[in-house]
Amino acid sequence: MLRGLRNGFQHAFSVQPHTDALAPEDRELLTRLAAIVVSRGMAAPATVFLESMGPMNFLGSQALHFFAPIIELACSAQDIERIAHLLERRDTVSRLIGLIESASRSERASG
């Protein structure tokens with residue numbers, strides 16, 4: 001019983017990133033989000049915003065859950081819920097920044 005309790009609390013306050021790989025649909029969603037940001041010319045502001053707010057990713061996810069009924073008027077409810085769950089992972093912001101930078105480089109290279 002003590003072992004089960006210890007295993008349960010082993011990662012309760014962990015600040016290490018998830019080692020689980022993202023699901024293919026989650027990677028596709030982040031790639032699509034990065035492409036939208038780059039296509040609107042917001043790569044640099046979005047990168048600065050994400051880097052400055054990166055440590056607050058969990059609060060951002062909770063805000064998305066709270067404002068979901070309002071945001072769903074403009075976006076897909078499933079996408080909002082998936083983004084909120086992805087933001088609960090510490091490594092998602094750095095992955096999204098990498099995807100935005102990669103998409104921005106590709107766009108500059110293509111002209």
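The model is predicted, so to speak of local features a pLDDT of at least 70 is needed, side-chain atom pairs count only at pLDDT 80 or more, and totals for chains, interfaces and linings use all residues. Residues are numbered from 1 along each chain as its sequence is written, and side-chain values use heavy atoms, leaving out hydrogens and water.

Let's start inside. A nonpolar core here is a set of buried Ala, Val, Leu, Ile, Met, Phe, Trp, Tyr and Cys residues joined through side-chain atoms within 4.5 Å. The largest one holds 20 residues, and Leu50, Leu64, Leu96 and Ile100 touch the most other members. Helices H2 (24-39), H3 (43-53), H4, H5 (77-87) and H6 (91-110) each give two or more residues to this core. Helices are DSSP runs (H or I, at least four residues), numbered from the N terminus. Beyond its neighbours within four places in sequence, Leu50 is in contact (heavy atoms within 4.5 Å) with Val93, Leu96, Ile97 and Ile100.

Next comes Asn57, in helix H4 (residues 57-71). With sequence neighbours within four places left aside, Asn57 contacts Leu87, Glu88, Arg89, Arg90 and Val93.

The whole structure has one aromatic pair. Phe66 and Phe67 have ring centres 5.0 Å apart and planes at 85°, so they are edge-to-face (centres within 6.5 Å make a pair; planes under 30 degrees apart are stacked, over 60 edge-to-face, the rest tilted).

The table gives relative accessible areas (buried is under 20%, exposed over 50%, partly exposed in between; 1.4 Å probe, protein chains only).

| Residue | Relative accessible area | Class |
|---|---|---|
| Asn57 | 6% | buried |
| Phe66 | 63% | exposed |
| Phe67 | 39% | partly exposed |

Methods: Phe/Tyr/Trp six-rings, centres within 6.5 Å; stacked < 30°, edge-to-face > 60°.
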